[in-house]
Amino acid sequence: MKKLLFFIVIFFFLEACRSIDVYEKTETFNKHAWSSNNKLSFIFTITDTTASYNIYAVIRHTDAYHFNNIWLNATTVAPGDTAGTQQINLKLGDNTKGWLGAAMDDIIEHRILLTRFPVKLKKGNYNFMLQQIMRDDPLQNVMNAGIRVEKAVQ
């Protein structure tokens, strides 16, 4: 019985030491206002080309945010490639359910999947840029924005 307990403890200890394989970074906005001139840039490195990855937009706003969505320009520069930009509309809430993100007091955090399926990424440095393109400029009550890149669970 003691040997079994010993192996269980060792197993959990080794599992706890594994790397999480996640990149997440957000930028904070002064006075909770995101100007369209403030283009956020995030650089991360991919070393494991055998894995598939999920890419998320991370948005934190206050309960006073006036819209159910946010429009963004998302630009990606992959290793050895030119920049590719797409306009994306992220749904943050609706009039019946309220906010779709996780709320703590009056702060709501959204992690919204940008890739429909996990994607393979090339080895090297990636530059990922976000720019808000809403009509209100600066966009009020937005605290942070960023990205999260994580290995997909197999």
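Asp-21, Val-22, Tyr-23, Phe-44, Thr-45, Ile-46, Thr-47, Asp-48, Tyr-53, Val-149 and Lys-151 line the second largest pocket. A word on conventions: this is a predicted model, in which local features need pLDDT of at least 70 and side-chain atom pairs count only at pLDDT 80 or more, while totals for chains, interfaces and linings use all residues. Residues are numbered from 1 along each chain as its sequence is written, and side-chain values use heavy atoms, with hydrogens and water left out.

A pocket here is an open set of points on a 1 Å grid over the protein atoms alone, where a 1.4 Å probe fits, with protein on both sides within 12 Å along at least five of seven lines; lining residues have an atom within 4 Å of a point. The second largest pocket holds about 160 Å³ of space, a volume being the space filled by probe spheres set on the points, which are joined across faces, edges and corners.

Strands E1 (22-28), E3 (40-46) and E14 (142-151) each supply at least two residues of this lining, and E3 gives the most, with three. Strands are DSSP runs of at least two E residues, numbered from the N terminus. The lining divides into six nonpolar, two polar and three charged residues; Ala, Val, Leu, Ile, Met, Phe, Trp, Tyr, Cys and Pro count as nonpolar, Asp, Glu, Lys and Arg as charged, and the others, Gly among them, as polar.

I turn to the largest pocket. About 240 Å³ of space lies in it, and its lining comprises 14 residues, of which Ile-55, Thr-76, Gln-86, Thr-115 and Phe-128 lie nearest the centre. Strands E5 (69-77), E6 (84-91) and E12 (124-132) are the elements that give two or more residues to this lining. Which of the elements gives the most? That is E6, with four residues. The lining has nine nonpolar residues, five polar and no charged.

Next, the sheet. Four strands form an open antiparallel sheet in the order E3-E12-E5-E6, where two strands pair if DSSP finds at least two bridges between them. E3 and E6 each have a single partner strand, so one side of each edge strand is left without a neighbour in the sheet. E5 and E6 pair over eight bridges, in the antiparallel sense.

Finally, Asn-69 lies in E5 and stands opposite Lys-91 in E6. The side chain of Asn-69 makes a polar contact with that of Asn-89 at 2.8 Å; such a contact is a pair of N or O atoms within 3.5 Å, where within protein one must be able to donate a hydrogen and the other to accept it, and residues adjacent in sequence count only if both atoms are side-chain atoms.
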